[in-house]
Amino acid sequence: MRRVSRIAVAGVATASLAVALSACGGSSTEASSGGSAKTKGIGLAYDIGGKGDQSFNDAAYAGFQKAEKDLKLSGRDIEPQDGESDADKVQRLEQLAKSGYNPVIGVGFVYAPAVKEVAAKYPKITFGIIDDEQDKAANVADMVFHEEQASYLAGVAAAKATKKDHIGFVGGVDIPLIHKFEAGYVQGAQSVNPKIKIEKQYLTQTPQEGGFSSPDKGKDAAEGQIEAGADVIYAAAGLSGQGVIQSAASHKVWAIGVDSDQYKQDALAKYKDYILTSATKDVAGAVYNLAKSVADGKPATGVVRASLATGGVGLADSNPAFKNNADLQAALKKAEAGIKDGSITVKTS
């Protein structure tokens, strides 16, 4: 069982059956919708933090649910363990593959070694991995995103929203993937105000230390940045970002969410008035599209990269305070046009 403390976890009502997964930890759900002749359905293995993070994993789950419903597929999704090894991930993916699920998707770059190993053993099954493009096998789809582009827009929004010319960034883990979020955010903010002050902090050096799964760490980091003077904080930290949002709300300053539209997440509803926007990436669409490609008999493989131009990344506009800010929206429109036409090249590090 996972022992991650959470601010809140939304209850997800599904017509599914909880199944204990021996030796792999966590749990899975199986829908009873039947599947197709080509596949038993879609298999999904979650990243650190698991389902209920209101962010990255929940975006993958949304795509999983859509595939179940729209494609009439059965599905099985499996939670991670605390402190698990690559061997645990291999075993999890193998169990899904052996059971006949196709595609089998690892949610997050931490699955790269496991996907490489298991895909080689099951060449007739399509595997997907989100946020990694190391695996170049013929039966692997590498689903990646231009996170830096959405983060650039988040930086523009932060620079326009701050009253103190002082903003913050909290990264879950100090790795190249999260450096993309920081780089885009800093560049976007400095495009509005070159002298803006930016606090930066990474919660841990490795995922195993809880950088993506510890709201308490996120809260502590945000408290420090707010105390230093930041009044807008962008968190690229998975479940840990919930702590950043909680801290921002308690101090009545802005938070910027990530991956999912966090303003609309039920578990964060009491904080939503302080969630300015979220830098989103269409993880749900990536999961659904891969499932559909397999169901259609034309499985996608290779690198599948989503960008601002394709609609795969962007900023959520659910908060009326964000959507109705004419000056902020004008700045974002200009920035978005520049990224799309190539006049703005967004840094990745």
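Me: What handedness does the crossing of helix 4 and helix 10 have, and what makes the two helices roughly antiparallel?
Reply: In this predicted model, helix 4 (residues 147-161) and helix 10 (residues 326-341) cross in a right-handed manner. Their axes lie 10 Å apart, at an angle of about 155°. Angles over 145 degrees count as roughly antiparallel, and helix 4 and helix 10 are therefore described in that way.

Me: Which residues make this contact, and how do they divide by class?
Reply: Helix 4 contributes Q149, Y152, L153, V156, A157 and K160, while helix 10 contributes D327, L328, A331, L332, A335, E336 and I339. In the contact of helix 4 with helix 10, 9 residues are nonpolar, 1 is polar and 3 are charged.

Me: Why is helix 2 called oblique to helix 3?
Reply: Helix 2 (residues 86-98) packs against helix 3 (residues 112-121) at an angle of about 40°, and their axes are 9 Å apart. Roughly parallel would require an angle under 35 degrees, and roughly perpendicular one of 65 to 115. The angle of about 40° therefore makes helix 2 oblique to helix 3. The crossing of these two helices is right-handed.

Me: What makes up the contact of helix 2 with helix 3?
Reply: From helix 2 come D86, K89, V90, L93 and E94, and from helix 3 come P113, A114, V115, E117, V118 and K121. By class, this contact of helix 2 with helix 3 has 6 nonpolar and 5 charged residues, and no polar ones.

Me: What makes strand 9 and strand 14 edge strands?
Reply: The open sheet has 6 strands in the order 9-8-10-11-12-14, with mixed pairing. Strand 9 (197-204) and strand 14 (313-315) each have a single partner strand, so one side of each is left without a neighbour in the sheet. From one strand to the next, the twist averages 15°.

Me: How do you know that strand 8 and strand 10 pair?
Reply: Pairing requires at least two bridges, and 4 bridges join strand 8 (residues 166-173) to strand 10 (residues 232-236). These two strands run parallel. V170 stands opposite A235 in strand 10.

Me: Why is the aromatic pair of F169 and Y185 called tilted?
Reply: The structure holds 5 aromatic pairs, one of them formed by F169 and Y185. The ring centres are 6.1 Å apart, within the 6.5 Å limit for a pair. Planes under 30 degrees apart would count as stacked and over 60 as edge-to-face; the angle here is 40°, so the pair is tilted. F169 lies in strand 8 and Y185 in helix 5 (residues 176-192), so the pair ties together parts that are 16 residues apart in sequence.

Conventions:
Residues are numbered from 1 along each chain as its sequence is written. This is a predicted model: local features need pLDDT of at least 70, side-chain atom pairs count only at pLDDT 80 or more; totals for chains, interfaces and linings use all residues. Side-chain values use heavy atoms; hydrogens and water are left out. Axes are lines fitted to C-alpha atoms, for helices over the stretch in contact, and angles run from 0 to 180 degrees between N-to-C directions. A crossing is left-handed if the near helix is turned anticlockwise from the far one by less than a right angle, and right-handed if clockwise. Contact means heavy atoms within 4.5 Å. Ala, Val, Leu, Ile, Met, Phe, Trp, Tyr, Cys and Pro count as nonpolar, Asp, Glu, Lys and Arg as charged, and the others, Gly among them, as polar. Rings of Phe, Tyr and Trp (its six-membered ring) pair if their centres lie within 6.5 Å; planes under 30 degrees apart count as stacked, over 60 as edge-to-face and the rest as tilted.
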